[in-house]
Amino acid sequence: MNHPISSPTPVFTPNGNDRDFLADFAALSDFGATPGGGVERQAATAADGEQRAWLHEWLTSRGFEVHYDNVGNQFGLFTINPGAPYVLSGSHLDSQPLGGRYDGAYGVLASAHAAHRAVRHWAGSESRPRYNVAVVNWFNEEGSRFKPSMMGSSVFTGKLPVGTALATADPAGTTVETALREIGTIGDFEGPDVAAYAEIHIEQGRGLEHDNTAIGLVESTWAARKYQVVVRGEQSHTGSTIMADRRDALLGASLLVVAVRELAEQSTDVPLHTSVSEMTILPNSPVVVAREVHLHVDLRSPDEALLDAAAKKLVESIPGIEERASVSIEQVQTHGWGVAPFPTAGVELAAEAADKLGLSHQNVMTVAGHDSVNMKDVAPSVMLFVPSVEGISHNEGEFTHDRDVCAGTDLLTEVLSRLMSGALDHST
Ligand code: GLV
Ligand code: MN
Ligand code: MN
């Protein structure tokens with residue numbers, strides 16, 4: 001690993017706000033805590049329900065009104081100017097299986113603290129803000145139990161019909177609607193009128209840590225394409241079926257896994273990240289050649305044309321795999337997004353706020369998807385990153401230093417206060 005040669009990190013001495021934040025973050029990290037130091041609280045599981053109840057109480061005890069919309073997005077509204085729109089800030093509390101404590105949860109808690117501090121800031125000021133402030137915990141950002149990812153914000157922004165989301169089933173056959181009713185966090189709130197959106201998240205990469213920079217200002221997204229692939233063969237006996245007769249769906253799937261990896265290996269100039277991330281084998285039995293395999297393929301790049309070329313190459317590799325394994329393969333794109341900018345005015349606003357607080361910053365792209373990727377298409381949006389140690393992500397070992405999470409929350413407070421004054425009006 002390439003570590004910068006840098007001066008020793010100064011000792012971090014938390015102030016009162018920092019201590020409050022860190023204590024709440026420790027409390028939140030107890031929900032679904034795993035022995036390896038991470039969390040397991042996939043969307044609409046019991047652990048997700050418990051942390052939602054905790055956030056509900058945190059918000060209402062500080063004067064926020066909590067509401068749930070028809071896909072389980074959890075909103076906490078603080079109204080200063082009745083009738084005025086809201087500056088919305090949030091992320092997601094759901095996690096991956098054996099996920100990290102910071103992914104999403106940091107952004108929701110930072111939003112709650114920052115919104116609360118911004119309210120206090122305005123209460124102590126002679127003027128009133130133009131906009132109110134609201135916190136959001138988006139439903140099912142991770143897309144692990146229920147596909148696709150970013151489900152709650154996709155429904156909120158009109159990209160996914162609510163009926164499709166509610167009817168989506170997990171591998172055990174439980175639908176989103178049933179699971180949300182079980183944890184009691186589905187309602188009929190239509191959502192606040194959003195004047196601007198802000199989100200803070202861990203970087204999930206090594207860039208900021210490597211460059212010894214406190215804050216990443218997200219200026220655009222990588223593109224992503226996700227596919228559901230079904231490989232069909234024929235079920236038979238692993239011992240008695242002669243090799244020439246086999247139509248082994250798992251062999252076809254394995255060749256596809258290698259083909260997906262080779263796409264990335266062949267892209268030497270521009271980054272291309274590729275994975276087969278999920279596989280379901282039928283019947284998955286020791287003495288049976290598999291009849292069917294379902295795979296999830298995930299391709300990402302900062303160059304959309306390269307991504308499209310890679311996707312085309314993958315399609316072109318399919319006939320050879322079908323022939324070699326005597327199988328048939330069907331591939332459907334299920335989710336994706338393009339390389340798209342965040343508003344420059346939002347990046348500038350955040351840069352000025354970081355300068356005011358003496359925080360180093362640099363412009364970055366986001367490789368991972370975030371709810372802000374949806375929100376930026378319907379409201380002026382600001383996306384901020386704090387460093388991730390070693391870039392570890394979707395792993396129990398995910399870690400961000402206390403000084404960085406606290407600095408990010410300070411910055412988000414400043415950004416929300418500015419957005420509440422209407423700083424991004426007329427920016428799109
Ligand atoms: C969502 O988090 C994604 O990166 O797909
Ligand atoms: Mn996340
Ligand atoms: Mn994630």
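Start with Asp103, which counts as buried at 5% relative accessibility; buried means under 20% relative accessible area, exposed over 50%, and partly exposed in between, with a 1.4 Å probe and protein chains only. Before going on, the conventions: this is a predicted model, where local features need pLDDT of at least 70, side-chain atom pairs count only at pLDDT 80 or more, and totals for chains, interfaces and linings use all residues. Residues are numbered from 1 along each chain as its sequence is written, chains are lettered from A and ligands numbered from 1 in the order in which they are written, and side-chain values use heavy atoms, with hydrogens and water left out.

Which two ions does Asp103 coordinate? They are the manganese ion (ligand 3) and the manganese ion (ligand 2), 3.6 Å apart. Donors here are N, O and S atoms within 2.8 Å of the metal (3.2 Å for Na, K and Ca); water is not among the atoms, so sites may look incomplete.

Take the manganese ion (ligand 2): its protein donors are His92 (NE2), Asp103 (OD) and His201 (NE2), at 2.0 to 2.2 Å. Along the chain their spacing reads H-x10-D-x97-H. His92 and Asp103 both sit in the loop between strand 3 (86–91) and helix 3 (105–123), so this pair ties together parts 11 residues apart in sequence. Helices (H or I, at least four residues) and strands (E, at least two) are DSSP runs, numbered from the N terminus. His92 is buried, at a relative accessible area of 0%.

For the manganese ion (ligand 3), the coordinating atoms come from Asp103 (OD), Glu142 (OE), Glu142 (OE) again and His394 (NE2), at 2.1 to 2.4 Å. The spacing is D-x38-E-x251-H. Glu142, in the loop between strand 4 (132–137) and helix 4 (151–156), and His394, in the loop between strand 14 (381–386) and helix 12 (402–420), are 252 residues apart. Glu142 is buried at 8% relative accessibility, while His394 is partly exposed at 41%.

Now the helix packing. Asp18, Phe21 and Leu22 in helix 1 meet Asp402, Val405, Cys406, Thr409 and Asp410 in helix 12, where contact means heavy atoms within 4.5 Å. Those contact residues divide into four nonpolar, one polar and three charged; Ala, Val, Leu, Ile, Met, Phe, Trp, Tyr, Cys and Pro count as nonpolar, Asp, Glu, Lys and Arg as charged, and the others, Gly among them, as polar.
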